[in-house]
Amino acid sequence: MSSSSPMISVRHLWKIFGPNADKVVGTPTADLSRSELRAQTGNTIAVRDVSFDVAPGEVFVVMGLSGSGKSTLVRCMTRLIEPTQGEIDLEGEDILKADTKRLRELRRTSFSMVFQHFGLLPHRKVIDNIAYSLEINGVKKDARHARANEVIDLVGLEGYANAYPDQLSGGMQQRVGLARALAVDPKVLFLDEPFSALDPLIRRDMQAEVIRLHHELGKTMVFITHDLAEAVKLGDRIAIMRDGAIVQIGTPEELVASPADEYVANFVRDFPKSHVLTLRWIARQPDANDDLMGPILAPSVSVRDAARQVLEAGCSVRVMEEGHLIGVVTPKDILEVIAGAEA
């Protein structure tokens, strides 16, 4: 993840549905529960004072239960829904101040969106569905087809350029949706639960596809999901939302090991810690009983991947990075994590 200026910066973002919504922000009324606010004013707070940054090249996942505000948030970020108040900067430009013409230009050149429902044009072939975003940008047919063919190869749709959407499986249709979003070479991809309608095997394939594309292209991505396993698999960092507010932002490791409150703890309780925690997280300083001649492992290795080697060693394993000792891990440490105990 880059240490440079954020690609996206969201500051004090609110979205309130209902009459005189702008008059609710900054008043004691805004602190009421959703049910109380609705009863008193007829308003519903969908996004509540949300702030975060997304670094260039980061996969930033927003997750929460149904009604938590995650989809409204991403729609505010793309101005498919107009926020009530706040700032959304894309590379330093506040897109909430963009007029209609500038917003249209940003959507054509800077960010693309992929949704759960593919929205493909049924009467157009795959190549023309992919090239559609270029067509509305005024790109000539030969040039847009050349670009579409590049993206077809990129997302694994070789041989399907002349197929129609109804001839494709759900997973293949979503590949077309991804290709269409990538055709304009956007700076940011917004993906709103893109795989939730797919069966589990196809969903896993598409998750792997997103990971591969991210490694190849390095695109900044904002990914919305309600599935913790998907969030952990894809996200560099994860923001967990509840009732329109962000409860916690952190790496998958931070959320699983140190949930901010009971709500987050309930989210991650059944998730296997050994799949997420690394040796860096559980390594401790050696004491007199530790064997400092044991095997060496890197701190980035997950507990799950290290388990066999540590257990077979039967002694302290040194966790080292660039020749420096980070700490030691014993079979007991590994077993505690696998058993779900505090490491």
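How many residues does helix H7 have, and how far does it reach from its first C-alpha to its last?

1. Ground rules. This is a predicted model, where local features need pLDDT of at least 70, side-chain atom pairs count only at pLDDT 80 or more, and totals for chains, interfaces and linings use all residues. Numbering starts from 1 along each chain as its sequence is written, and side-chain values use heavy atoms, with hydrogens and water left out.

2. Helix H7. Residues 170-182 make up this 13-residue helix, which reaches 18 Å, close to the 18 Å expected at 1.5 Å a residue (that is, 1.5 Å times one less than the number of residues). Helices here are DSSP runs of H or I, at least four residues, and strands are E runs of at least two, numbered from the N terminus.

3. Eleven of its 13 residues are buried, so H7 is largely enclosed by the rest of the structure (buried means under 20% relative accessible area, with a 1.4 Å probe and protein chains only). Among them are Met 172, Arg 175 and Leu 182. They pack against strands E6 and E7 and helices H4, H6 and H8.

4. Asn 43. Look in the loop between helix H1 and strand E2. Asn 43 has 2% relative accessibility and counts as buried. Its side chain reaches the backbone oxygen of Pro 19 at 3.2 Å, and its contacts (heavy atoms within 4.5 Å) include Phe 17, Val 24 and Leu 37.

5. The E11-E12-E13 sheet. Three strands in that order form an open sheet with mixed pairing. E11 and E13 stand at the edges, each with a single partner strand, so one side of each lacks a neighbour in the sheet. E11 and E12 run parallel, joined by two bridges; Leu 297 has Val 319 as its bridge partner in E12. Pairing takes at least two DSSP bridges between strands.

Methods. Buried < 20%, exposed > 50% of the residue type's maximum accessible area, 1.4 Å probe, protein only. Polar contact = N/O pair within 3.5 Å; in protein donor to acceptor, adjacent residues only side chain to side chain. Lists of a residue's contacts leave out its neighbours within four places in sequence.
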